[in-house]
Amino acid sequence: MSVLIPLGSDTRISKNGDGALTENLLEEKNPAIDYSKCPSQYAGARYIMECGMKLEANVLTIATAATYYHKFFQYATLREYDPYLIGSTCIYLASKVEDSDIKIRDIINVGVNCVKRNSLPLSLEPYFTIRDSVIHAELLLMRVLGFKLKVDLPHKYLLHYIQSLKDWLGEETFKSVPITEVAWTVIQDVYHTPIVLKYSPQLLAASILHFVNQIYGITVPGSDDVNERSWFIFLHKDCTAKSVWEVISKIFEVYKEEECLETIK
Amino acid sequence: MKERRKMNRLGQGVVHEVPRIGSDGESEEASGASDEVTSPVNVKLRQKNRRITQEDINKRLSLPADLRVPDAFLQKQTISSEGPLSRSSRRQSLSEIGFGRMETYTKLDKLGEGTYATVYKGRSRLTENLVALKEIRLEHEEGAPCTAIREVSLLKELKHANIVTLHDIVHTDKSLTLVFEYLDRDLKQYMDECGAQLSMNNVKIFLFQLLRGLAYCHQRRVLHRDLKPQNLLINEKGELKLADFGLARAKSVPTKTYSNEVVTLWYRPPDVLLGSTEYSTQIDMWGVGCIMYEMISGRPLFPGATVEDELHLIFRTLGTPTESTWPGISTNEDFAQYPFSTYTGESLLTKAPRLAHDSGLGLLSKFLLYEAKKRISAATALKHPFFESLGHTVHTLKDQDSIFSCPGLMLTRDHNHKVTNGGQAKTRRQSMHF
């Protein structure tokens, strides 16, 4: 559908033949994060996305994992639980729920390599210790989540709304800017912060799409922002002008907060 | 979470086994480990306290009316104001009553052993009711099994009269126990006990309930994927409930491929047998047809031992598929591999004459279509004339209402009345022709 482009991406991204990002650009846009410095809730979420991409996990699995992760830290503190252990556990549980079946060994190896870049693979003993921790944390995580493991994600709504928008804008306008690609990028980026828990999936999807329209200065014909009859109010009852703008301001914060990450120099 | 405590729940000296994180209990919302759980409670008395009754508690905690709250717990309760309970205080109250604790349940006999769980009959000390305890072994290698995780997460969302109720989840270091309502037997045992055939009235009542539960699942994009008489539980009243959602999963995006090995062979649709990995709610409908036939005739429809044998039985009965009955079949690689003869099919009426009544055959043939997308949906099947004799009220039931809340609807006695039962069935069928 679209490549998974992490934070800070823009639309000038070039793709090679099979649609993957070129290595250089990826590195330039996403310098390696030093997770060992300043572990924060944000860094842990970024860790989930980096591991998820390296594990070639489904977008929905990563979003589900990030949702678990933010829910967990609504109740627990970073002082008590290591965000990266919880992050790996979230990926593991999400992969079981979303039927993607990622091997626990891969999750651990990829995770360790993100935190300690270029380190050798773990020897057996530390590996088994981490594995036991993940399995223990999985039980804890399920209880914290109250065994409600199915997450209603905004992704499917976004795809629907993009379809509607395409009809409203007309083929030509729609094709003139990469709406779909950028919206798909933003929807993955918003999982860096707990705003995904605060708003309904419909509202998130509509706000992301309106945000992208704003970036490219696209106006939907017939939309009347002054009189609060914006195009998105027809999508879902949650999508009011006020709420959409509130979410958009939160999306800005997601990108601002990225500065807290320390990169490897 | 930060709202003021409205209820003095904690007496002195309540010891929590797992103070940080309570079990899930029956809470509707995801609730979590909260520091508040053990923090001292500041009680703000708003009005004169009064003793509260068991009914108050059951109402406040949305517990079933038949739940007997321990006296010790009751005595500790005082109520200072009405109004909703905060999530964490409700959770803690539940834990204090005994939800989420193994000592609340007494294990009785072992009922069976599945691939990932052992099922015991048990009794809840809270209600004195029987429960089914599904004890899931936690493996050290992989953690909680996928099937268990899927079953739990799905059942949390499915609340329907024809779907087995998950009462509680008990979590210890070594195992995860799902506490279900207890039902006496499954449809297979029920049919075995009948010896010959079920009365047509009962066939309709069971089939209708099966379709009701399934329509509810399908509406929520949940497939069962493993329908068989052993997974349909029946209680003494005749209420039928879908169980064993281990193989079911929420179907989110239809483009996904699913694993090939899911449905027990006898009830497995031919498209899945021939390697189709992309299926939708219609994969459950073939199995419904097989179960309908089995209830009416008393014999399984396609008791195949292997995939080839299963396909052979299907083709011999329904006719070998052609491009007109199954578009695309001639290019199916799996199909080409098997040396099937060209059968024209047999009459299902000869095999089960009772299908002639109330257009039963018409309904059955809509389940047993080769082309998956043409199969009748559960919601449409409920409106089929076959169910006309059940009356009109069955269509106005709310999700959680039992079919037996409809006036005049009753199960016919199937057991130990083989001779008279036949007579009864005959009279009833005749009367329905009027």
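Reader: Where in chain A is the place of A:Leu209?

Author: A:Leu209 sits in helix α11, residues 201-215 of chain A. A helix here is a DSSP run of H or I with at least four residues, a strand is a run of E with at least two, and both are numbered from the N terminus. Bear in mind that this is a predicted model, where local features need pLDDT of at least 70 and side-chain atom pairs count only at pLDDT 80 or more, while totals for chains, interfaces and linings use all residues. Residues are numbered from 1 along each chain as its sequence is written, and chains are lettered from A and ligands numbered from 1 in the order in which they are written.

Reader: Does A:Leu209 count as buried or exposed, and why?

Author: Buried means 20 or more other C-beta atoms within 10 Å of the residue's own, exposed means 12 or fewer, and partly exposed is in between, with C-beta atoms placed from the backbone. A:Leu209 has 28 such neighbours, so it counts as buried.

Reader: Which residues does A:Leu209 touch, leaving out those up to four places away in sequence?

Author: A:Leu158, A:Tyr161, A:Ile162, A:Leu165 and A:Ala183. Touching means that the C-beta atoms, placed from the backbone, lie within 7 Å. As for A:Val186, its C-alpha is 9.0 Å from that of A:Leu209, although the two are 23 residues apart in sequence.

Reader: What makes A:Lys156 count the way it does, buried or exposed or in between?

Author: A:Lys156, in helix α7 (residues 155-169) of chain A, has 14 C-beta neighbours inside 10 Å, so it lands in the partly exposed class. Its C-alpha is 9.0 Å from that of A:Pro201, which is 45 residues away in sequence.

Reader: What makes α4(A) "mostly covered"?

Author: Of its 15 residues, 14 are buried. Just after this helix, A:Asp99 takes a positive phi of about 65°.

Reader: Over in chain B, what is the order of strands in the five-strand open sheet?

Author: The order is β3-β4-β5-β7-β6, with antiparallel pairing. The edges belong to β3 (105-113) and β6 (166-171), which have a single partner strand each, so one side of each has no neighbour in the sheet. On average, neighbouring strands are turned by 25° against each other, direction ignored; the axes are lines fitted to C-alpha atoms (for helices over the stretch in contact), with angles from 0 to 180 degrees between N-to-C directions.

Reader: How many bridges join β5 to β7 in chain B?

Author: Seven bridges link β5 (residues 130-137) to β7 (residues 175-181). Pairing takes at least two DSSP bridges, so these strands count as paired.

Reader: Why does B:Lys134 count as buried?

Author: B:Lys134 has 26 C-beta neighbours inside 10 Å, so it qualifies as buried. It lies in β5 of chain B, opposite B:Leu178 in β7(B). Its contacts beyond four places in sequence include B:Ala117 and B:Val119. An unreviewed UniProt entry covers B:Lys134 with the annotation "binding site"; such positions are given in the numbering used here, feature names are shortened, and annotations may be inferred rather than shown by experiment.

Terms used
Contact = placed C-beta atoms within 7 Å.
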